[in-house]
Amino acid sequence: MSNNISSILQENRNFFPSKKFKKQANITEQIYQQMLLKAEKNNVGFWADLAKEKLTWAKDFTVDLDDSKAPFYRWFTDGKLNASYNCIDRHLTDKSDKLAIIFEHDDGKVDQYTYKELHDEVCRFANALTTQGIEKGDRVIIYMPMIPQAIFAMQACARVGAIHSVVFAGFSSASLRDRIESAGAKMIITTNVSIRGGKTILVKKSVDEALEGGGNSVCKVIVYARTDYKIAMQDKRDIYWHDVVAGMSNYHDAVMVESEHPLFLLYTSGSTGKPKGVQHSTGGYLLNAHLTNEWVFDLKDDDVFWCTADVGWITGHTYVVYGPLSMGATIVIFEGVPTYPSAGRFWEICQNHAVSVFYTAPTAIRALMKFGDNLPKQYDLSKLRLLGTVGEPINPEAWIWYYKVIGNESCPIVDTWWQTETGAVMIAPLPGITTMKPGSCTKPLPGIDAKIVDEKGNVLDNGEGGILVIEKPWPSMIRNVWGDEQRYIDAYFKQFANKYYVVGDSAHIDAEGNFWILGRIDDVLNVSGHRLGTMEIESALVSHQLVAEAAVVGKPHEIKGESVFAFVVLNIDIPSGEKREILMQDLKKHVAKEIGAIAKPDEIRIGINLPKTRSGKIMRRLLRTIAKGEEITTDTSTLEDESILKQLQKTPETF
Ligand code: WT7
């Protein structure tokens with residue numbers, strides 16, 4: 001980045017929360033001002049008081065924050081608690097018969113679980129985990145579709161003090177293998193198959209492939225039979241869920257763990273080839289998960305909250321599982337896809353389950369917008385009272401559509417900025433207070449010390465753009481990159497010598513102090529709200545026997561936000577015609593196999609070389625321009641061989 005970044009987006013429309021919403025909001029203007037004041041005076045004390053008030057501790061803490069080994073911060077250090085106890089047991093006195101989970105199957109069938117039933121399922125499975133040899137601190141991989149058993153498994157791990165790592169079931173066996181290895185997982189919990197959009201997907205088969213050849217840490221694979229589809233079971237290693245829970249008691253004494261005990265690892269893409277195991281704590285994570293559901297989603301006892309994210313992502317952890325359950329809320333989960341059996345499926349679910357708070361990604365909104373205004377209008381969406389978005393900047397056009405057509409101009413929209421590493425929402429409107437601006441995530445939440453700085457780390461004034469950082473530590477922040485302290489420092493703190501947590505996004509702050517996220521500054525793409533490392537995709541391409549070199553960039557995409565555009569150099573002569581087409585398809589398939597369908601390049605361009613500086617650095621800036629089909633007008637003088645650009649600009653048809 002040469003100069004400070006300026007925003008290209010011009011959006012001046014303001015939207016205000018209605019009187020009706022303001023009146024009932026959890027956070028009123030008065031509470032907000034008090035919180036700001038308190039956080040300003042004593043940030044650590046602000047969080048510590050909330051931790052005492054909102055969470056149930058088995059042993060109270062006396063140390064609020066231990067920063068003696070900064071940037072390895074430790075919150076509420078000598079306290080003990082259990083996340084599952086906080087999500088379930090403490091609600092049983094008054095909410096035992098309240099619905100915890102409404103589960104809609106792909107085919108429309110519905111199952112419901114009360115808090116008492118959730119408790120019993122989780123306890124039985126926790127007892128099964130112990131019987132199968134799982135102990136506090138063991139890593140357990142959960143590779144499952146969006147079904148209640150995925151939540152039971154997460155909660156049961158938390159109950160026994162095991163560290164879960166949910167791997168999105170859309171990831172390939174190769175990605176799964178990397179994560180098993182990095183986490184040193186002792187167990188995998190999976191399903192025989194998953195059902196999505198009427199199709200049966202072979203989930204256990206990927207687990208088998210990932211474990212092929214042995215030599216890994218996995219001792220047991222527990223398989224939930226989603227359907228009666230028969231699969232191969234390996235003797236001694238594989239056991240069915242229904243067999244392990246048979247005869248198990250519905251009583252389980254939750255294991256109280258230290259506040260800093262890791263609750264889970266979640267792998268996310270970084271700018272190098274290897275995904276990072278983001279390590280979260282128990283106490284600090286749970287606090288911000290709880291608070292943001294109360295503050296930003298304004299959850300009330302009678303709300304029905306549907307966050308459409310899969311538990312394979314952080315959004316599913318914080319806004320499907322830990323946050324809403326810690327508040328004793330009713331959640332909806334859905335196994336299928338938005339467009340099956342019709343593009344009205346989301347709205348039908350909102351109608352049928354009287355969803356009042358709905359949280360999804362801009363990519364889904366844009367995709368559903370395409371089907372027009374009349375489709376959602378066929379459903380009764382009158383129970384909706386709050387809408388949310390996450391994952392990438394939402395374009396004002398999609399924001400307005402969401403506001404008018406889905407929210408009937410009466411629901412505030414919370415555009416929530418956060419990351420896998422932050423654990424919970426950091427910058428977002430408070431729905432009863434904040435003036436909303438389409439495309440802006442508005443202001444940092446109380447206690448969150450977000451700033452925009454220049455390359456030297458100087459804090460910039462309103463009206464300027466630069467690097468987004470968080471100065472003060474906050475309870476739900478990442479604790480470590482699993483097993484790699486140096487990478488934790490390098491990735492998040494080194495740039496400004498531990499002064500700030502560096503987010504990796506650039507942002508602009510307007511005259512009124514609203515934040516506008518501009519995008520990633522590291523080599524990371526954002527495809528449909530999910531982070532993909534360019535290096536990861538490049539490594540996958542290079543692992544194909546015909547590929548010598550690869551460079552991947554993001555290309556703006558109408559629905560997905562960004563699409564994957566790959567440039568490759570082959571170690572054979574460039575084939576032509578049908579042969580080239582076959583190779584292109586093969587390369588796409590190869591990436592899907594290595595990483596998952598989400599990383600599949602939309603376009604691949606074959607070149608005789610890549611544009612490099614004399615020192616050998618690939619000039620991605622130029623590749624991004626080529627991917628967009630634009631003329632290169634910027635400086636190319638550092639290029640080793642300028643003729644490369646001309647060749648790469650040629651589409652296959654003109655080859
Ligand atoms: C990156 C984090 C947090 C859950 C989903 C993604 C981008 C996220 C917004 C938003 C603009 C956003 C950022 C961020 N991002 N939310 N509301 N407006 N950009 O989690 O995979 O950890 O990705 O997503 O670039 O750094 P993730």
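The model is predicted, so local features need pLDDT of at least 70 and side-chain atom pairs count only at pLDDT 80 or more, while totals for chains, interfaces and linings use all residues. Residues are numbered from 1 along each chain as its sequence is written, and side-chain values use heavy atoms, with hydrogens and water left out.

Next, display the polar contacts (pairs of N or O atoms within 3.5 Å). A polar side-chain atom of Arg531 is 2.7 Å from a ligand oxygen, and a side-chain N or O atom of Gln419 is 3.1 Å from an oxygen of the ligand. At Glu392, a backbone N or O atom lies 3.4 Å from a ligand nitrogen. The ligand taken alone exposes 550 Å², of which the protein buries 95% (Shrake-Rupley, 1.4 Å probe).

Finally, select α8, residues 173–183, a DSSP run of H or I with at least four residues. Its buried residues (under 20% relative accessible area, 1.4 Å probe, protein chains only) are Ser173, Ala174, Ser175, Leu176, Arg179, Ile180 and Ala183. Their cover includes α9 (203–211) and α19 (577–594). After α8 comes Gly184, with a positive phi near 60 degrees.

Terms used. A polar contact is a pair of N or O atoms within 3.5 Å; within protein, one must be able to donate a hydrogen and the other to accept it, and residues adjacent in sequence count only if both atoms are side-chain atoms. Buried means under 20% relative accessible area, exposed over 50%, partly exposed in between (1.4 Å probe, protein chains only). Helices (H or I, at least four residues) and strands (E, at least two) are DSSP runs, numbered from the N terminus. Contact means heavy atoms within 4.5 Å.
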